[in-house]
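I opened this notebook to keep track of what I looked up. The entries follow the order of my reading.

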Amino acid sequence: MRNTLMMLVALMCALTVCADITPAADFDLQKMSGKWYIVALASNTQWFVNNKAVMKTGTAVMVLTEGGDMDLTYAILKDDGSCFRATHTAQKTETPGRFTFHSQVWNNDNVVTIVEVVNDDYALVHTIKTKEGVSAASILVYSRTPEFSEVVQQKFTQLALEAGVLPDNAVILPQNAECPAV
């Protein structure tokens with residue numbers, strides 16, 4: 001009961017923080033489903049600041065569930081040839097384009113908002129991660145290809161600044177080989 005209450009408090013805090021972040025007006029998870037490359041990331045979290053220099057592109061696969069939620073599977077090839085993989089089921093909220101999930105890997109609560117999406121090209125994603133009562137924003141660019149345009153880079157930089165991310169903490173990730181299919 002205490003854990004459920006703590007999660008609800010954290011999610012309420014995160015939802016308050018992202019209340020000003022508006023999801024894409026034409027969001028359609030069915031059209032957004034499929035494979036994406038994570039090509040840019042911005043965050044002020046200490047973990048990101050400590051690791052941004054060694055981070056590389058990875059993949060995210062989004063799948064619409066029968067209940068309208070979103071299964072997210074991440075895969076990133078590490079330098080030693082092994083793969084970091086994580087899977088989450090993000091529950092839809094009353095707001096189309098906004099989802100919540102608890103990460104077992106990082107032990108945090110997440111509110112994911114799809115801010116802008118062109119389904120065959122790119123998506124700008126704003127995530128509030130809350131752990132032990134502390135919330136922080138992350139901005140990601142998902143691209144259907146390992147590269148993305150200068151226009152999308154500018155949109156990413158602007159969204160990161162609006163979210164309060166320091167300019168040095170907005171990173172275009174170097175390309176990387178993909179993890180083998182499982």
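Entry 1. Before sorting anything by element, I noted that helices and strands here are DSSP runs, helices of at least four residues and strands of at least two, numbered from the N terminus. I also noted that the model is predicted.

With that in hand, I looked up the elements. I found four helices and nine strands in the protein. From the N terminus on, I read their order as α-α-β-α-β-β-β-β-β-β-β-α-β.

Entry 2. I turned to the totals. The protein has 182 residues, and 42% of them are buried. Its accessible surface is about 9900 Å², with 56% belonging to carbon and sulfur atoms. I then took the contacts between residues at least 6 apart in sequence, and 54% of these join residues at least 24 apart.

Entry 3. How many salt bridges does a search of the whole structure find? I got three, and I went through them one by one.

I began with Lys35 and Glu178, whose closest N and O atoms are 2.5 Å apart. This pair links distant parts of the chain: Lys35 is in strand E1 (residues 34–43), Glu178 is in the segment after strand E9 (170–172), and 143 residues separate them. Lys35 has a relative accessible area of 34%, so I put it down as partly exposed. Glu178, at 37%, is partly exposed as well.

Next I looked at Asp79 and Lys56, whose side chains meet in a salt bridge at 2.6 Å, N to O. Asp79 is in the loop between strand E3 (70–77) and strand E4 (83–92), and Lys56 is in the loop between helix H3 (46–51) and strand E2 (58–64), so the bridge ties together parts that are 23 residues apart in sequence. Are the two partners buried or exposed? Asp79 is exposed, because its relative accessible area of 65% is over the 50% limit.

I wrote down 32% relative accessible area for Lys155, which is partly exposed. Glu116 is partly exposed too, with 25%.

Entry 4. The largest pocket holds about 1100 Å³ of space. Its lining has 42 residues, and those closest to its centre are Leu41, Trp47, Met55, Trp106 and Lys129. I sorted the lining of this pocket into 24 nonpolar, 13 polar and five charged residues.

For cavities of 30 Å³ or more, my count came to one. The largest cavity has a volume of about 50 Å³. Which residues line the largest cavity? I listed Tyr37, Thr57, Gly58, Thr59, Ala75, Ile76, Leu77, Asn176, Ala177, Glu178 and Cys179.

E2 and E3 each supply at least two residues of it. The largest share, three residues, comes from E3. By type, the lining of the largest cavity divides into six nonpolar, four polar and one charged.

Entry 5. I checked backbone angles. Asn107 has a phi near 50 degrees, which is a positive value in a residue other than glycine. I placed Asn107 in the loop between strand E5 (98–103) and E6, and with 47% relative accessibility it counts as partly exposed. Glu132 also has a positive phi near 50 degrees, again in a residue other than glycine. Glu132 is in the loop between strand E7 (122–131) and E8, and it is exposed, with a relative accessible area of 74%.

Entry 6. I ended with Ser149. It is in the loop between strand E8 (134–143) and helix H4 (150–162). At 36% relative accessibility, Ser149 is partly exposed. How far apart are Ser149 and Tyr122 in space, C-alpha to C-alpha? I noted 9.3 Å, for two residues that are 27 apart in sequence.

Notes: Residues are numbered from 1 along each chain as its sequence is written. This is a predicted model: local features need pLDDT of at least 70, side-chain atom pairs count only at pLDDT 80 or more; totals for chains, interfaces and linings use all residues. Side-chain values use heavy atoms; hydrogens and water are left out. Buried means under 20% relative accessible area, exposed over 50%, partly exposed in between (1.4 Å probe, protein chains only). A salt bridge is a side-chain nitrogen of Lys or Arg within 4 Å of a carboxyl oxygen of Asp or Glu. Contact means heavy atoms within 4.5 Å. Accessible areas come from the Shrake-Rupley method with a 1.4 Å probe; for residues, only the protein chains shown count as cover. On a 1 Å grid over the protein atoms alone, a cavity is a set of points where a 1.4 Å probe fits but cannot get out, and a pocket is an open set with protein on both sides within 12 Å along at least five of seven lines; lining residues have an atom within 4 Å of a point. Grid points are joined across faces, edges and corners, and a volume is the space filled by probe spheres set on the points. Ala, Val, Leu, Ile, Met, Phe, Trp, Tyr, Cys and Pro count as nonpolar, Asp, Glu, Lys and Arg as charged, and the others, Gly among them, as polar.
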